[in-house]
Amino acid sequence: MEKVKLSNGVEMPILGYGVYQVTPEECERCVSDAISVGYRLIDTAQAYFNEEQVGNAIRKSDVPREDLFITTKIWISNAGEECAAASIDESLRKLQTDYVDLLLIHQPFGDYYGTYRAMEKACRTGKARAIGVSNFYPDRFIDLAEHVEIKPMVNQVETHVFNQQIKAQETMEKYGTHIMSWGPFAEGKNNLFTNPVLERIGSEHGKSTAQVALRYLIQRGVIVIPKSVHIERMRQNMEVFDFSLIENEMAAIAALDGTKSLFFSHYDPEFVDFLLHYRLN
């Protein structure tokens with residue numbers, strides 16, 4: 001498994017397993033399957049309502065905890081220094097671990113400065129090996145990065161062939177921050193799995209469109225966390241390190257970039273209102 005080195009020296013797998021939209025009922029089985037086929041990075045969040053099931057799979061696994069890389073995220077309703085600190089402890093309890101490898105702010109709303117201070121403290125006390133943010137657009141990312149003691153090590157944002165985040169990635173790199181993709185398959189939007197450009201390139205390498213889409217991001221240094229509830233697809237998503245895309249193939253995929261979200265906008269007042277009123281209990 002290829003890894004990226006975060007700004008504090010922590011090594012993180014460049015490919016992992018994401019459990020967004022994996023139901024609590026099947027999450028433990030899915031994470032166990034993912035670990036069994038070789039995944040070591042597992043990405044969850046308070047707002048996914050499956051931290052406990054991820055914790056169960058970790059506890060039952062025969063893979064040592066230090067060989068796993070666990071990510072979780074603090075939700076808006078837990079924002080603020082004191083509340084975030086309590087939520088970190090609750091996440092650790094649910095995950096059945098003394099620390100997480102990466103702790104992120106899930107959305108750039110609420111008192112996220114207070115949340116980040118709690119995360120900095122968690123990093124210093126060993127409850128988190130690395131910290132960062134998620135869904136931070138360049139404007140808020142820069143503002144936060146300029147006013148914190150520990151620069152965000154990761155920013156997890158919507159990133160796929162139709163929204164490639166090229167300029168955002170350049171901005172992150174100025175602060176030593178790695179880009180991490182959620183939705184690397186765009187959840188199938190824009191007919192990604194039958195895209196003729198990806199199909200043509202895949203046929204040249206004996207790979208699927210999904211594998212080509214992942215390989216493109218990985219070659220750009222993007223951390224990816226594809227989700228599947230099927231063990232065979234999990235295996236296929238891992239089989240992206242035995243081929244490389246050449247320059248003209250990378251350029252052809254780069255041309256697919258529409259530079260816009262296929263899901264939501266933080267500049268949409270109704271969507272922001274929805275986020276701010278979304279509660280965990």
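Leaving aside its neighbours within four places in sequence, with which residues is glutamine 164 in contact? I opened the notebook with this question.

**Entry 1. Basis.** I worked from a predicted model, in which local features need pLDDT of at least 70, side-chain atom pairs count only at pLDDT 80 or more, and totals for chains, interfaces and linings use all residues. Residues are numbered from 1 along each chain as its sequence is written, and side-chain values use heavy atoms, with hydrogens and water left out.

**Entry 2. Glutamine 164.** I listed its contacts (heavy atoms within 4.5 Å): Thr159, Tyr216, Arg220, Ile253, Ala254, Leu256 and Asp257, neighbours within four places in sequence being set aside. I placed glutamine 164 in the loop between β8 (154-158) and α6 (166-174). Helices (H or I, at least four residues) and strands (E, at least two) are DSSP runs, numbered from the N terminus. Glutamine 164 has a relative accessible area of 0% and is therefore buried; buried means under 20% relative accessible area, exposed over 50%, and partly exposed in between (1.4 Å probe, protein chains only).

I then looked up its polar contacts, defined as pairs of N or O atoms within 3.5 Å; within protein, one must be able to donate a hydrogen and the other to accept it, and residues adjacent in sequence count only if both atoms are side-chain atoms. A polar atom of the glutamine 164 side chain lies 2.9 Å from the backbone oxygen of isoleucine 253. The side chain of glutamine 164 also reaches the backbone oxygen of alanine 254, at 3.5 Å.

**Entry 3. The sheet.** I traced an open sheet of eight strands in the order β3-β4-β5-β6-β7-β8-β9-β10, with parallel pairing. Because β3 and β10 (223-224) stand at the edges with a single partner strand each, one side of each is left without a neighbour in the sheet. Two strands pair if DSSP finds at least two bridges between them. β3 and β4 are joined by two bridges, and glycine 18 stands opposite aspartate 43 in β4.

**Entry 4. Strand β6.** I found both faces of β6 (residues 102-105) covered, with Leu102 and Leu104 buried on one side and Leu103 and Ile105 buried on the other. Four bridges join β6 to β5 (residues 69-74), and three join β6 to β7 (residues 131-134). Leucine 104 stands opposite lysine 73 and also opposite glycine 132 in β7. The crossover from β6 through helix α4 (residues 112-125) to β7 is right-handed: with the strands pointing away from the viewer, the path from the first strand over the helix to the second runs clockwise.

**Entry 5. Strand β8.** I noted that five of the five residues of β8 are buried. The bridge partner of glutamate 158 in β9 is tryptophan 182. β8, α6 and β9 make a right-handed β-α-β unit.

**Entry 6. Aromatic rings.** I searched the whole structure and recorded 14 aromatic pairs. Rings of Phe, Tyr and Trp (its six-membered ring) pair if their centres lie within 6.5 Å; planes under 30 degrees apart count as stacked, over 60 as edge-to-face and the rest as tilted. Tyrosine 20 and tyrosine 48 form a tilted pair, 5.1 Å centre to centre with 45 degrees between the planes. Tyrosine 20 is partly exposed at 41% relative accessibility, whereas tyrosine 48 is buried at 13%.
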